[in-house]
Amino acid sequence: MKPLKHLPAWKTLEQHFKAMRSFDMRAAFREDAQRFEHLSLRCGNLLLDYSKNRVTPETMQHLMQLARESDLDAMRNAMFSGKRINFTEQRAVLHTALRAPVRPSLMVEGVDVEREVAKVLKRMQRFVETIHDGSWRGHTGKTIRNVVNIGIGGSDLGPAMVCHALDHYAVESVRVHFVSNLDPAHLAGTLAHLDPETTLFIVASKTFTTLETLANANSAKAWLLAALRAPAAVARHFVALSTNAQAVEAFGIDPENMFIFWDWVGGRYSLWSAIGLSIALQIGWGNFQALLAGAHAMDLHFREAPLEVNMPVILGMLGIWYANFWGTDTYGVFPYDQRLRLLVPFLQQLDMESNGKNVNRANKRVNYNTGPIVWGAPGTNGQHAFFELVHQGTRLIPTDFLVAAVNPTPLADQHEWLLANCLAQTEALLKGKSRAVAEAELIAQGMGRADARALAPHKVFPGNRPSNTLLYQKLDPHMLGMLIALYEHKVFVQGVIWQINSFDQWGVELGKQLAPPIRAELNPERVSGEHDGSTLGLIADIRRRRGLST
């Protein structure tokens, strides 16, 4: 593997960037009346407008050449065919196999992956239908009205995001809740409004050893047993998403009510698997299938479309352009869709856990920026929070705007205003406002020339700031599936270019290893341990505040 910075296309891009430093998108639009048509792309019902970027057709050609020299085609084929591209854990990466509606045989190391996936999906479907038709009943014979998903990371963020996004598709008979934080306030606040007799818990943990998940699950079990006073009740009010049948049974869950997934399903890619049981319970099996079908449609596009007209590739390579040549450290995601309020936290895990790496596939430290910081919030809230930084700050921040043409919750003309605000923000980022215009506006409002001249600099918008717009008809299960898969594949593309493994997450391990000894030192009977001076001081202060000896 040739080092990234030694690739001919990289060196070409370095030279091209020097010529692009003074590039003005406003001039580019004036000079090319067809710029939008040339720099936009459709995949099904999804439109990507990337014309408001600091790029020319030549820039895009160079970026696609970099993708080719980075063997993106080969890596993409390796992922879809089940090769162990997660080489540090010796695992295949096959979340795409979870959502293929026509299930051709895919043999991976002697296992028919699609057949195994189909078996689990069939079991999930039967279970969902028994909850919805009321044939599954709790220990006292009452039907299930509330479902609490207990998980963390990918076992929480993905399903929670989808359930919030598709709340307008929720079945009437069941409401789904999510608990993830080890902070007892999260579980206690959720249970305070629920009836033990009509509540089902889903414990989502591949190994059934995850600290946060098991702590919450044990507290939930204690809450249930305190009310129902029968150990047998656990089997009617708990199911597991796991691979550890022994631990599941020891907890009190019937192994028949354990839904498995596989080590080739990474946590942040797992909502398509049994981890999506909570999604299916909220929106119904047909809508869950539509979610999978939307993701599969994007999979086919990513796998088959030429790089130049491939939506995940274009988004990924634009991110490379800004992170590695313009020196940006972050990018903003602004869904003008309140239902997508959890999309940014989901993308934060997807992107930063995947590509927050500093060692490449040759086991060498990289000498270039990798995973950017992802941040954002729904519009129009973000406009009143941090758009000042995006418009007038000193940092260049590439942005993605997502918006639906049609809102399923019409209220007067509010969606028209939402659309107008979204488009206005992308236009303002492009056009900006000059000092001369700002000064003229102030004078037109009746301000004296001297005062206008003094105030005008504060009202200048530099403009020429990049944005992508993702426009879709409406937010339905199929479209949401497409959007999630689009960002999954974008992250994959960037990981390939950066020559890193996007599918492990060793960076989360060290804190987990250090927590148990610290936990022991917080006990009444202190166990001495070796820590840095700051940690020792904090432990001592906590013990004093809790009335323990130091």
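Phe127 and Trp136 are both buried, that is, each has under 20% relative accessible area with a 1.4 Å probe and protein chains only (over 50% would be exposed, in between partly exposed). The model is predicted, with local features needing pLDDT of at least 70 and side-chain atom pairs pLDDT 80 or more, while totals for chains, interfaces and linings use all residues. Numbering starts from 1 along each chain as its sequence is written, and side-chain values rest on heavy atoms, with hydrogens and water left out.

A pair of aromatic rings comes down to the distance of the centres and the angle of the planes. Rings of Phe, Tyr and Trp (the six-membered one) pair if their centres lie within 6.5 Å; planes under 30 degrees apart are stacked, over 60 edge-to-face, the rest tilted. On that basis the structure has 26 aromatic pairs. Phe127 and Trp136 make an edge-to-face pair, because their planes sit at 75 degrees, with the centres 5.1 Å apart. Elsewhere, ring pairs tie Trp10, Phe17, Trp321, Phe325, Trp326 and Tyr368 into a cluster.

Rings also turn up under arginines. A charge counts as over a ring when NZ of Lys or CZ of Arg is within 6 Å of the ring centre and within 35 degrees of the ring normal. Arg99 lies over the face of Trp272, 4.6 Å from the ring centre, and the charged end of Arg76 is over Phe302, 5.6 Å from the centre of its ring.

Asn310 counts as buried because its relative accessibility is 0%. Its side chain reaches the backbone oxygen of Phe302 at 2.9 Å.

Strand E1 (residues 40-43) runs antiparallel to E2, joined by four bridges, and Leu41 has Leu48 as its bridge partner in E2. Two residues separate the strands in this hairpin, where Gly44 takes a positive phi near 60 degrees. E2 is also joined to strand E13 (residues 467-472), antiparallel, by three bridges, with Leu48 opposite Leu470. Within E2 (residues 46-49), Leu46 and Leu48 point one way, Leu47 and Asp49 the other, and all are buried.

Conventions. Polar contact = N/O pair within 3.5 Å; in protein donor to acceptor, adjacent residues only side chain to side chain. Pairing = 2+ DSSP bridges.
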